[in-house]
Amino acid sequence: MNYVIIGTGPAGVVAAETLRQRESTAAITLIGDEPEPPYSRMAIPYHLIGDIAEEGTHLRKAPAHFERERIQCIQQHVSNIQVDNHQLTLADGSQLGFDKLLLATGSRAVRPPIPGMDLPGVTNCWTLADARRIIAKANAGDDVILMGAGFIGCIILEALAKRGVNLTVVEMENRMVPRMMDEQSGGLLKRWCEQQGVRVLTSTKVKAVSVAGEKLYVELETQPAMQVDLLICATGVKPNIELAKGWLQTRHGILVNRRLQTNHPDIFAAGDVAEGRDFSTGDYSVQAIQPTAVEHGFIAATNMSGGHYLHQGSVNMNVLDTMGLISASFGLWQGVENGESATLNDPEHYRYINLQFKGERLVGANTLGMTQHIGALRGLIQNRTRLGKWKDYLMDNPSRFMEAYLQQRVA
Amino acid sequence: MAWTKKILRVNLTDGVISAEPLNMEWAQQYLGQRGLATRYFVEEVDAQVGALSPDNKFIMATGPLTGTMASTGGRYSCITKSPLTGTIACSNSGGFFGAEMKNAGWDMIILEGKSPTPVYLYVENDQARLIPAEDLWGKSVWATDEEIHKKHQDPQIRIACVGRAAESGNLFAAVVNDLHRAAGRSGVGTVLASKNVKAVALRGTRGVGNIKDMKRFMDATFEHKKVLAANAVTGAGLPTYGTQVLMNVINELGALPTRNMREVRFEGAHSVSGEAMHEPRASDGKKNLTRNGGCFGCTIACGRISSVDRTHFSVKDKPQYWGNSGGLEYEAAWALGPDTGVDDLDALTYVNFLCNEDGIDPISFGATVAAAMELFEDGVITTEQTGGIELKFGSAEALVKIAELTARGEGFGKEIGLGSKRLCEKYGRPELSMTVKGQEFPAYDPRGIQGMGLTYATSNRGACHLRSYTVSSEVLGIPVKTDPLATDGKPELVIAFQDATAAVDSSGLCIFSTFAWSLDNIAPQIDAACEGDWSVEKCAEVGARIWQLERDFNMRAGLTAADDTLPKRLLKDAANVGPAEGKVCDLGAMLPKYYELRGWTTEGQLTPETRQRYGLPS
Amino acid sequence: MQKSLHIDPEKCTGCLQCEMACSYENEGVFNPSKSRIKVFTFHDEGRFVPYTCTQCDEAWCMQACPVDAIVLNFVTGAKYILNDRCVGCKVCTIACPFGTVNYNTSTGKVIKCDLCGGDPKCAEACPTGAITYIDANATGLERMRMWAAKTDTQASTHA
């Protein structure tokens, strides 16, 4: 078999390794268009702080890992795919054939359609190249605006603060990480950042950016304009579906079935680019998180190589360290219709927990300031554990989730 | 080392919290916990202070081995002046609270002054805060524990708190930690409540290190754990039956005080014994004892975890008491059972739950009820005072009702909360109070175990078995068997036990380890952990110094040699049955020699030579 | 024969010797809050339950790690953390559905049971035999893994 994988993120790499495990003789090619070995975007903030060198972000650390696994790595952009003759064309014009193809092209940072977003002082924080740019430009005393206090924004906050820049965060929603944390905890996060000396402007937007001498002139809605050295745009990402457009079914991402197969039987999709099944809702959507990418990669590769593995859906979850305050979200943290929820809130100590139930099952959770045993929340959701009397205990004191989990386990 | 070398001082009056270094010179002289905290206490508090005055202080103190891998190294003590006895109070507790204090980085917490409003102290490593507790005031220990855990969203917090009894001024209120471990005796809970402190809640994640020679320490603790495991008492008796292993033994010996110590043998002893806790009950086939539980680091695990029969009259309409909780230890079982003449194991277990739930000392409670029962049978008090309760010896119903009232500080329970001495004085029959220095007796009749008579009379905190447990020698033959009916050699025996116990109580280890361990086992563990030289001799000397320091405080507080005595009943009324039949406790044969050996005047005062010998503060 | 930790809650007295042994081995001090094994108390039921990583085959933590910092010890079967690689992103702490990978705020890395390289100190310290280290097929490991497999994403058959 001749397998080709486009995309060198976690989905692509796990898929390549899974294929190798399942088929020792297959030809496996991994194509990425960034001039780096496969690396993890999750690790970039730690590189920005200086905790790790660039190599520390690499997905695989063993020397010559890919050679040893006999996975051929190509660093080139794929121009197009000729599906009928199972071939693709690389940027240099060369052709590559495949029996089965995995699209794991990931997503990219987008910039909102605002005047001036293409100016040189504006950057994303998504790739290693972006990181290099930030390291070069965001230094002690520099004025920096971080646009977007979503997951990516929050995770690089600390790195920017530690670099000693004068940081202002601009978020159009009324709180931080609006797609991960509820209003109370998102609000607490904002207060936390402010307490750490970061200026956080919520419910406002950047209207326009222009050049003002050495600086950028940034106009804001409802706030005075600012002059800054650097504007980092972290307003969201979008799946890289261009290669699939027109000939595969796509929506926001590429549509796949429970085998992670597209509407073409020999073409699969995984990771940020795929609209995989969501465990909690049963619907298909782009989750764009690391554990889901890994699951996708494994399942897609299993099915590509003759296995039959139905994806039950990934639990949407996130964990975030915002300047030392740790937040996590699981499943349907927004709650469900006719559901119930339990909350404990200790704003003074930045501790918060909210559990969402449907009947006697846990379906979602938000936590702030908790680091112990939080994976059990995933366990409870994913096992669809019937909580029985522990539902009442958790309604009274949701912080006892680990006991609830264990009680089911050893009962 | 092993000490964190840090003290947390909390001035409740003005809300100022500060950290200070531990006085290491004193640590070398007094080790930790009981001894070291007493040294601080006598330095800082006038012995004449009113126990419930804001000028009294309240110290929670760990020992250098608290929180380490030494078996039983989970202890802490509460040191203050007792409202029950007017003496120094030092109540020792296990559970997990002490180790948490060490993990948070503190050897001791000193609470001084009085908070203007109810508060609780929350300590998370080096962060400490007083948090308003108006909402917790009026709640039980159990409810408070639950609320604080919820508030901080952390199931791992360890909490020590007082219940409604302490709030109501009950003079033998306990500080209860981890739901059912207690610094039980001498009314230390009453003092904490008098300062408007509902609880101390701790979270420590820093770890306990500072061990002088870690390899030697690990080897020593490992080695001596094997000694505990191989010993018949600590390796088998205590894990299986808990301290309740003693009920039938002491009863056989004719030394089980019964019905306010009128008798020395209880016909219903078996029904409330450790063996009975293992017998399946008729209603549901379950045993009273669910399992044994250990305090922090304890490889003995004598703790009882029990449940009450759901069909029992005391709980049948109260499902909140159907679960498991801390079960009967011997002293509690005795005070609630033989001393009141009640032989109903479920009633005793339920009442024990209540004692934990609202923080009262079950020994003082049971013994005071026993005195009240005698007053009732003598017609001195009637149902008019008791609010309709037929307070008769042997009545489980009466015991249960009185316990509910006392726990909550209501009705006749408030009078029980005075303790037996004040209650009997109030009703003009002081001779019916079975107390020394105002504290109620525990479960060994000194007519049948003579050394315990001297123990009780000279104990620095009033009648107590935990100041020199000569039962070990006189009954169990540990370390050597002595004749329980003889008085010869008992002054020496009592002093040796008192000194060794004071050292153990200052180390962080549990006194129950000494069923198997002597200072020969304990000193090497201290020595491996702590800077300085901690030979057996030095440990014994430190123990003696502590004893003298406590005594000195008591004498300054106004006690005299006349307080070193026993109730007439034990000195004049002979035992009616058993090996001690015809005998009284011959305290007079032991006390003068004891004073002499201690280096005290015939008035019981420390001589200047004694003071100098131990380097006591002037 | 690979060995694994066998836990018998019926024998546990909740003394936490295991937690101290674990933290001493891994942190050099006695610190239950940093222990990889944790004893949970079910007060009402009168039960103590020691609990730690089962070294599950799925290795959710290892799979989810974005920087290859969790690796398999082929001899013991343990998945262990390489501290110099771990960046502290905590993805493994939410990925592990057993709740047995925890973030250590003092080091900025995660911690989990690594079977002490084949000589687990918790088992050595346990005074009652509630924790033992024995042949994997005798431990009910299969039963525990089946329980683990109940997690729905793994419900389908592998080819």
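1. Interface between chains C and A. In this predicted model, 45 residues of chain C are in contact with 55 residues of chain A, contact being heavy atoms within 4.5 Å. Chain C and chain A bury about 4200 Å² between them, and 58% of that lies on carbon and sulfur atoms; buried area is the accessible area (1.4 Å probe) that two parts lose on being put together, summed over both.

2. Basis of the values. Residues are numbered from 1 along each chain as its sequence is written, and chains are lettered from A and ligands numbered from 1 in the order in which they are written.

3. Two salt bridges are counted between chain C and chain A; a salt bridge is a side-chain nitrogen of Lys or Arg within 4 Å of a carboxyl oxygen of Asp or Glu. Lys90(C) forms a salt bridge with Asp321(A), with the closest N and O atoms 2.9 Å apart. There are also 13 residue pairs in polar contact between chain C and chain A, both residues at pLDDT 80 or more. A polar contact is a pair of N or O atoms within 3.5 Å; within protein, one must be able to donate a hydrogen and the other to accept it, and residues adjacent in sequence count only if both atoms are side-chain atoms.

4. What chain C presents to chain A. The elements of chain C that give two or more residues to this side are strand S2 (38–42), strand S3 (47–51), helix H2 (60–64), helix H3 (91–95), strand S6 (102–104) and helix H5 (141–149). Helices (H or I, at least four residues) and strands (E, at least two) are DSSP runs, numbered from the N terminus. By class, the side of chain C that touches chain A has 21 nonpolar, 15 polar and nine charged residues. Ala, Val, Leu, Ile, Met, Phe, Trp, Tyr, Cys and Pro count as nonpolar, Asp, Glu, Lys and Arg as charged, and the others, Gly among them, as polar.

5. Helix H1 of chain C. The buried residues of H1(C), residues 17–27, are Gln17(C), Cys18(C), Glu19(C), Met20(C), Ala21(C), Cys22(C) and Ser23(C). Buried means under 20% relative accessible area, exposed over 50%, and partly exposed in between (1.4 Å probe, protein chains only). The cover over the buried residues of H1(C) includes helix H7 (214–230) of chain B, together with S2, helix H4 (121–125) and strand S8 (131–135) of chain C. Gly28(C) follows H1(C) and has a positive phi, near 80 degrees.

6. Strand S16 of chain A. In S16(A), residues 230–233, Leu230(A) and Ile232(A) point one way and Leu231(A) and Cys233(A) the other way, and all are buried. In a regular strand the side chains alternate between the two faces of the sheet. Strand S9 (residues 122–124) of chain A runs parallel to S16(A) and is joined to it by three bridges, with Val122(A) the bridge partner of Leu231(A). Strand S10 (residues 143–147) of chain A also pairs with S16(A) in the parallel sense, over four bridges, and Leu146(A) has Ile232(A) as its bridge partner. Two strands pair if DSSP finds at least two bridges between them.

7. A sheet in chain B. Three strands form an open antiparallel sheet in the order S13-S14-S15. Strand S13 (289–293) and strand S15 (325–326) of chain B are the edge strands, each pairing on one side only. Two bridges join strand S14 (residues 303–306) to S15(B), and Ile305(B) has Gly326(B) as its bridge partner.

8. Salt bridges within chains. Over all chains the count comes to 71 salt bridges. Arg133(A) forms one with Asp130(A), the closest N and O atoms being 2.5 Å apart; both lie in helix H4 (residues 128–137) of chain A, three residues apart, about one turn of the helix. Arg133(A) counts as partly exposed because its relative accessibility is 35%, whereas Asp130(A), at 7%, counts as buried.

9. A salt bridge in chain B. Arg9(B) forms a salt bridge with Glu112(B), the closest N and O atoms being 2.8 Å apart. Arg9(B) lies in strand S1 (residues 6–11) and Glu112(B) in strand S6 (residues 108–112) of chain B, so the pair ties together parts that are 103 residues apart in sequence. Arg9(B) counts as buried at 11% relative accessibility, as does Glu112(B) at 13%.

Methods:
This is a predicted model: local features need pLDDT of at least 70, side-chain atom pairs count only at pLDDT 80 or more; totals for chains, interfaces and linings use all residues. Side-chain values use heavy atoms; hydrogens and water are left out.
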